[in-house]
Amino acid sequence: MKRITLNLLLFANSIFLIFYIGLAINKNIAFRATGTVSLFLSSLMLVDITYISSCNVRGNKVISLFCGLLALHSWYILLSAQGDASTSMLFSALSPVIWYVSINFILMFLFQGSGYKFKKAVNICLTGTCICSLIGLLASNEIFALFYGIQFLAGWLCFIFIIVFHRKRTAFVFKAEWKYILFSLVTVIILFLVYYFSTMGISGHLSNLGIYLPVLLFSISIHGIIQKEHSSVPLSTIFSSRQSALILLAGAAICGLSALALGIGLPLFFLMLDAMFVFVYACNIALDYNLRHGKNAVARESIYHATLKQLQREEQLNLEFANFLHDDILQDLLSIKNMMKKAGHPDIQKIITETLDNMNTYIREQMQDYRPAMLSKLTVKKNYQNLLAYISQSFPHRNIRITFECPDSLFLAAPYDIFVYRLLKELVTNIYKHSAGEKAWITLTQDNGVIALCVRDNGTADADTLSPADLSKHRGLALVTERVNNMDGSIKIANNFSHGICIQITLPMKGDVSYQYFISR
């Protein structure tokens with residue numbers, strides 16, 4: 001789903017929520033103290049939606065799903081304070097939907113939106129039980145209660161199974177995010193106590209409370225992730241953080257003074273605050289659209305101005321790409337153009353075909369260098385297996401049998417998955433280009449936040465000739481060594497028993513670095 005479409009859907013949800021609150025007030029539906037708390041929590045979630053969605057400038061799917069969950073929760077809490085017959089059906093239908101989306105969100109958060117083993121089976125189970133619950137609601141309350149109970153139990157079982165099976169990955173995430181999760185836990189407990197004592201007069205005020213408590217445990221983590229994207233709100237192109245805060249405080253003060261002067265009570269005050277934040281959200285949507293489509297050049301320049309270091313990187317990238325086009329593509333195109341005059345000769349046709357095949361290979365290799373083809377729907381192991389198959393196809397004249405050992409549940413957080421991908425590509429390509437052996441063995445593991453990559457072959461190379469002092473003669477291996485050292489890793493080159501060399505790489509995987517890259521996935 002495109003970012004602009006999602007923003008418009010969330011904007012429409014906010015409008016409908018405000019309309020519903022206004023309609024309830026207009027029809028003199030009582031908002032007692034208990035209902036006021038529900039209205040406050042619902043309004044708080046609506047404000048949070050506008051903030052998170054505005055900061056999610058890269059359209060991260062997990063963060064977008066969290067916004068959708070907040071929207072569902074805001075309706076759930078608001079409808080729980082009504083309890084009339086007209087809203088009971090909608091209120092009941094929200095429970096299985098929220099539970100289905102909640103489990104998906106937690107799993108997407110833990111795996112950063114990437115693939116994992118048994119993902120398809122879990123999706124089928126969660127979707128099937130959710131549909132059955134909604135169908136049961138149309139039949140009778142008893143059937144709905146039965147199917148919803150099955151869905152609730154199946155959801156927990158699937159969640160626990162995935163957590164246990166991928167326990168190392170889960171442990172890594174909790175280790176990286178424990179401060180945010182602990183803070184979320186304390187916040188959730190405080191809000192729960194406030195909600196509990198404030199809504200004791202409402203029958204069933206604690207029913208189905210568990211469907212949104214697990215999600216709120218990751219709320220502070222989501223906010224921590226989006227705050228790593230500095231000045232990401234589109235309005236930050238016009239106003240500084242201090243100016244934006246001052247404007248919002250002034251707006252809230254105006255709403256409060258107006259409500260006090262008119263004596264309209266808390267419900268209308270919350271309604272005015274919601275309307276103000278939705279208006280700000282609409283401004284963010286419009287400004288974001290303008291920035292992305294070339295309008296308002298002054299604002300675009302102020303937010304996207306690059307530092308000198310970034311400009312140098314881009315210029316270096318442009319230079320490399322220009323050299324690639326000139327040396328490998330343009331020259332071949334000119335050769336083909338000259339040979340087209342004699343294309344009727346079989347020998348010339350063969351040369352043209354071979355040249356085009358080589359160009360195809362060059363372009364694919366360059367694409368792999370600029371952006372490795374890591375598919376989020378596949379596991380890390382499967383992506384690396386596809387890489388090894390691609391490298392093998394690139395050297396049809398070499399017949400090297402590669403043994404790749406890697407756990408199915410291997411977890412490499414971003415950007416380490418791409419980093420190891422590039423290391424593996426460079427090392428295996430070197431085997432095909434320079435090794436005289438016929439076999440290669442690759443092992444890749446990750447344990448307690450430490451990545452271990454070992455690449456061995458049975459060629460004729462000697463580790464002494466690949467010592468750090470002589471790496472200048474081996475550009476690819478020198479580049480690998482530099483990259484590993486820059487990531488606080490270590491590399492060891494030794495002789496393999498009984499022939500060839502063995503390259504062992506150890507790399508610490510840091511959670512804080514991982515979640516800096518999470519915002520762009």
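Contact here means heavy atoms within 4.5 Å, and helices (H or I, at least four residues) are DSSP runs, numbered from the N terminus. The model is predicted, so local features need pLDDT of at least 70 and side-chain atom pairs count only at pLDDT 80 or more, while totals for chains, interfaces and linings use all residues. Residues are numbered from 1 along each chain as its sequence is written, and side-chain values use heavy atoms, with hydrogens and water left out.

**View 1. The contact of helix 16 with helix 17.** Phe419, Arg422, Leu423, Glu426, Leu427 and Asn430 of helix 16 meet Gly476, Leu477, Val480, Arg483 and Val484 of helix 17. By class, this contact holds six nonpolar, two polar and three charged residues (Ala, Val, Leu, Ile, Met, Phe, Trp, Tyr, Cys and Pro count as nonpolar, Asp, Glu, Lys and Arg as charged, and the others, Gly among them, as polar). Helix 16 and helix 17 (residues 475-486) pack at about 155°, with their axes 10 Å apart; axes are lines fitted to C-alpha atoms, for helices over the stretch in contact, and angles run from 0 to 180 degrees between N-to-C directions. The two helices are therefore roughly antiparallel to each other (angles over 145 degrees count as such, and those under 35 as roughly parallel).

**View 2. The crossing of helix 15 and helix 16.** The axes of helix 15 (residues 380-394) and helix 16 (residues 416-434) come within 10 Å and cross at roughly 30°, which makes helix 15 roughly parallel to helix 16. On the side of helix 15, the contact is made by Asn383, Tyr384, Leu387, Leu388, Ile391 and Ser392, whereas the residues from helix 16 include Tyr416, Val420, Leu424 and Tyr432. The contact of helix 15 with helix 16 has ten nonpolar, three polar and two charged residues.

**View 3. The lining of the second largest cavity.** A cavity is a set of points, on a 1 Å grid over the protein atoms alone, where a 1.4 Å probe fits but cannot get out, and lining residues have an atom within 4 Å of a point. Arg3, Leu6, Asn7, Leu10, Ser53, Asn56, Gly59, Ser64 and Cys67 line the second largest cavity. Helix 1 (3-26) gives the most to this lining, with four residues.

Notes. On a 1 Å grid over the protein atoms alone, a cavity is a set of points where a 1.4 Å probe fits but cannot get out, and a pocket is an open set with protein on both sides within 12 Å along at least five of seven lines; lining residues have an atom within 4 Å of a point. Angles under 35 degrees count as roughly parallel, over 145 as roughly antiparallel, 65 to 115 as roughly perpendicular and the rest as oblique.
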